[in-house]
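Start with the picture below. Then read on, one feature at a time.

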There are 2 protein chains.
Amino acid sequence: MNLFDSNNVSKHLDHVRIVMVNTTLPANIGSALRAMKTMGLSKLVLVAPKTYPHPDIDALAAGAQDLIEKIEIVETLEQAIQDCHMVFGTSARSRTIPWPLLDVRPAAKEALNAATKQQNIAIVFGREDRGLTNEELALANYHLTIPVNPEYGVLNVAQAIQVICYELRMAALEQNTQIQDKPDDHMQLKQQQSMEWDEPLVTQQQMEQFYPHLEKMLTEIEFLDPNNPRLLPLRLRRLFGRIQLDRMEYHLLRGIFSRVQALAQGSWKKTNTEDHNHD
Amino acid sequence: MNLFDSNNVSKHLDHVRIVMVNTTLPANIGSALRAMKTMGLSKLVLVAPKTYPHPDIDALAAGAQDLIEKIEIVETLEQAIQDCHMVFGTSARSRTIPWPLLDVRPAAKEALNAATKQQNIAIVFGREDRGLTNEELALANYHLTIPVNPEYGVLNVAQAIQVICYELRMAALEQNTQIQDKPDDHMQLKQQQSMEWDEPLVTQQQMEQFYPHLEKMLTEIEFLDPNNPRLLPLRLRRLFGRIQLDRMEYHLLRGIFSRVQALAQGSWKKTNTEDHNHD
């Protein structure tokens with residue numbers, strides 16, 4: 001399995017364009033480019049931007065120069081979406097007439113699903129101050145919302161683009177995984193946690209040598225009374241059982257137990273460090 | 001089911017604090033506040049910010065004045081997280097030794113799961129130019145990453161906070177749904193994973209006494225050379241950091257350390273069990 005087959009992921013994300021309508025602040029265009037590139041999107045279409053070009057765009061797009069060169073400027077939203085199969089209009093609230101409304105997560109899944117079928121998808125963002133008009137929203141197949149704090153729903157356009165590009169990438173990664181993997185519960189859990197560990201984890205079988213060693217050591221330092229262990233062995237199992245030790249940690253801890261045992265048995269004595277400073 | 005019971009959602013999100021370390025640009029603090037408030041988070045802790053206060057913070061935090069008033073300023077990361085039970089350090093890449101690493105989505109689920117149990121959670125963000133130091137990252141239970149375009153992973157701190165706050169809100173909404181819904185398969189899995197614990201978990205502050213004790217004990221049995229500790233202290237932090245000790249386990253382990261110390265110092269001697277069989 002290769003979760004990060006970026007070829008497939010970026011190939012699908014290339015089918016999704018971001019469309020910004022009548023943007024006023026160049027900084028928002030720059031931030032959008034950066035958000036897009038970070039998440040692997042590449043195509044930005046500007047519908048009649050108020051200020052373009054502008055040095056703020058380049059400044060905020062830091063390193064996304066290739067995306068700046070690919071920006072497309074058009075006069076109307078119709079032009080921006082004419083070759084698209086699926087159009088999402090972003091909207092903070094529902095308008096005059098109800099429209100098919102999707103939260104950003106299911107919307108991103110829909111979009112990527114369409115992208116794998118070679119369809120073109122547009123996500124359309126409105127003006128900083130008043131979003132998209134009803135006429136513009138009516139050009140969309142779906143309206144898309146981001147679930148925000150109902151008492152303070154003032155995500156700005158750059159932040160909204162960030163969240164949506166992130167969800168598009170997550171959907172693309174998920175799609176890619178589904179294509180490459182057989183579904184399997186354990187596997188899915190593994191992926192969710194996506195730990196890249198440097199050492200293999202020890203098996204239950206190895207742990208069955210670990211606990212007796214720990215208990216023997218504790219018995220030798222008279223911390224554990226084998227005739228009346230009470231809950232101590234159980235608590236130690238619960239404690240170390242929930243870490244999942246890796247091989248190095250396992251040997252490290254067993255090394256400590258052995259040192260303590262040697263100390264308790266008198267077979268190992270501390271060096272007198274005062275006398276051995278020259279070591 | 002009421003997906004938008006904002007009382008419950010915000011109550012849980014109140015347990016999650018955002019921590020920004022040594023932030024240089026006030027605009028990033030302002031953007032962070034806006035992102036937080038939009039997603040229903042309320043507590044920002046600044047560790048030694050370079051410029052504070054500053055009008056840019058207020059400008060970019062547009063309308064999040066209540067959050068500005070609640071900002072806490074501290075000198076060290078330790079102070080920022082001392083009453084936290086679970087700490088996530090954000091990191092673009094893995095460092096000296098791998099740490100339990102979670103993508104933002106499962107991390108947000110973990111965090112909200114802990115929040116429902118009244119635990120305090122911190123998500124820690126580093127400097128604009130070079131993130132968190134290895135020492136700071138070692139204070140975290142988990143490292144958190146955002147899956148970005150491997151060829152261009154330059155999400156800035158404000159964008160990263162936006163994505164994480166969004167995922168926290170999504171996790172809170174999901175949790176809220178699960179609590180209100182009838183149990184189903186998914187729910188049962190959840191319950192299995194998040195069983196009720198019988199003892200309160202210890203805080204980061206308590207763990208800051210735990211590690212020095214462990215290291216001192218290991219030094220006394222000459223398992224650890226304080227002049228050449230190599231990766232041992234870091235490995236032990238990683239190990240015990242991912243268990244999340246409860247209060248009883250904490251005292252149990254510290255009791256063992258003290259016993260071993262007494263043995264090493266000769267202030268405690270084994271009873272001769274041969275002679276005391278009649279006990």
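## Rings inside and between the chains

B:Tyr166 is buried, because its relative accessible area is 0%. A:Tyr166 is buried too, also at 0% relative accessibility. Keep in mind that this is a predicted model.

How many aromatic pairs does a search over all chains find? The whole structure holds 11 of them.

Now move to a pair within chain A. The planes of A:Phe210 and A:Phe257 are at 55 degrees, with 5.4 Å from centre to centre, so this pair is tilted. The cut-offs explain the word: an angle under 30 degrees would be stacked, and one over 60 edge-to-face. A:Phe210 sits in helix H10 (residues 204-220) of chain A, while A:Phe257 sits in helix H12 (residues 247-265) of chain A. Are A:Phe210 and A:Phe257 buried or exposed? Both are buried.

These two rings also belong to a cluster. Ring pairs tie A:Phe210 and A:Phe257 to A:Tyr211, A:Phe240 and A:Tyr250.

Follow the interface next. The size of an interface is often given as the accessible area lost when the parts come together. For chain A and chain B, that buried area is about 6600 Å². Carbon and sulfur atoms account for 61% of it. Chain A brings 71 residues to the contact, and chain B brings 73 residues.

The rule finds 7 salt bridges across the interface of chain A and chain B. A salt bridge also joins the side chains of B:Arg242 and A:Glu249, with N to O at 2.8 Å. Polar contacts between chain A and chain B come to 27 residue pairs.

Which elements of chain A give two or more residues to the side that touches chain B? They are helix H2 (26-39), helix H6 (104-116), H8, helix H9 (185-193), H10, helix H11 (232-241) and H12 of chain A. H12(A) gives the most, with 10 residues.

A:Lys37 lies over the face of B:Tyr152, 4.9 Å from the ring centre. In the other direction, the charged end of B:Lys37 sits over the ring of A:Tyr152, at 4.9 Å from its centre.

| Residue | Relative accessible area | Class |
|---|---|---|
| B:Leu112 | 0% | buried |
| B:Thr23 | 2% | buried |
| B:His213 | 11% | buried |

The class follows because a residue counts as buried under 20%.

Take B:Leu112 to begin with. Its place is helix H6 (residues 104-115) of chain B. B:Ala171 is 59 residues away along the chain, yet the C-alpha atoms of B:Leu112 and B:Ala171 are separated by 6.4 Å. Beyond residues up to four places away in sequence, B:Leu112 touches B:His12, B:Leu13, B:Leu168, B:Ala171, B:Ala172 and B:Gln175.

B:Thr23 is in a loop of chain B, between strand S1 (16-21) and helix H2 (26-39). Which residues does B:Thr23 contact, leaving aside neighbours within four places in sequence? They are B:Asn28, B:Ile29, B:Pro49, B:Lys50, B:Thr51 and B:Glu128.

B:His213 lies in helix H10 (residues 204-220) of chain B. Its side chain makes a polar contact of 2.9 Å with the side chain of B:Gln261. Not counting residues up to four places away in sequence, B:His213 touches B:Arg254, B:Phe257, B:Ser258 and B:Gln261.

## Chain A as a whole

Step back to chain A. Its secondary structure comes to 12 helices and 7 strands. The chain has 279 residues, and 49% of them are buried. Now consider contacts in chain A between residues at least 6 apart in sequence. Of these, 84% join residues at least 24 apart.

Note on methods. Residues numbered from 1 in each chain as written. Chains lettered and ligands numbered in written order. Predicted model: local features only at pLDDT ≥ 70, side-chain atom pairs only at ≥ 80, totals over all residues. Heavy atoms only, no water. Phe/Tyr/Trp six-rings, centres within 6.5 Å; stacked < 30°, edge-to-face > 60°. Buried < 20%, exposed > 50% of the residue type's maximum accessible area, 1.4 Å probe, protein only. Helix = DSSP H or I, 4+ residues; strand = E, 2+ residues; numbered from the N terminus. Lys NZ or Arg CZ within 6 Å of the ring centre and 35° of its normal. Contact = heavy atoms within 4.5 Å. Buried area = accessible area lost by both parts, 1.4 Å probe. Salt bridge = Lys/Arg side-chain N within 4 Å of Asp/Glu carboxyl O. Polar contact = N/O pair within 3.5 Å; in protein donor to acceptor, adjacent residues only side chain to side chain.
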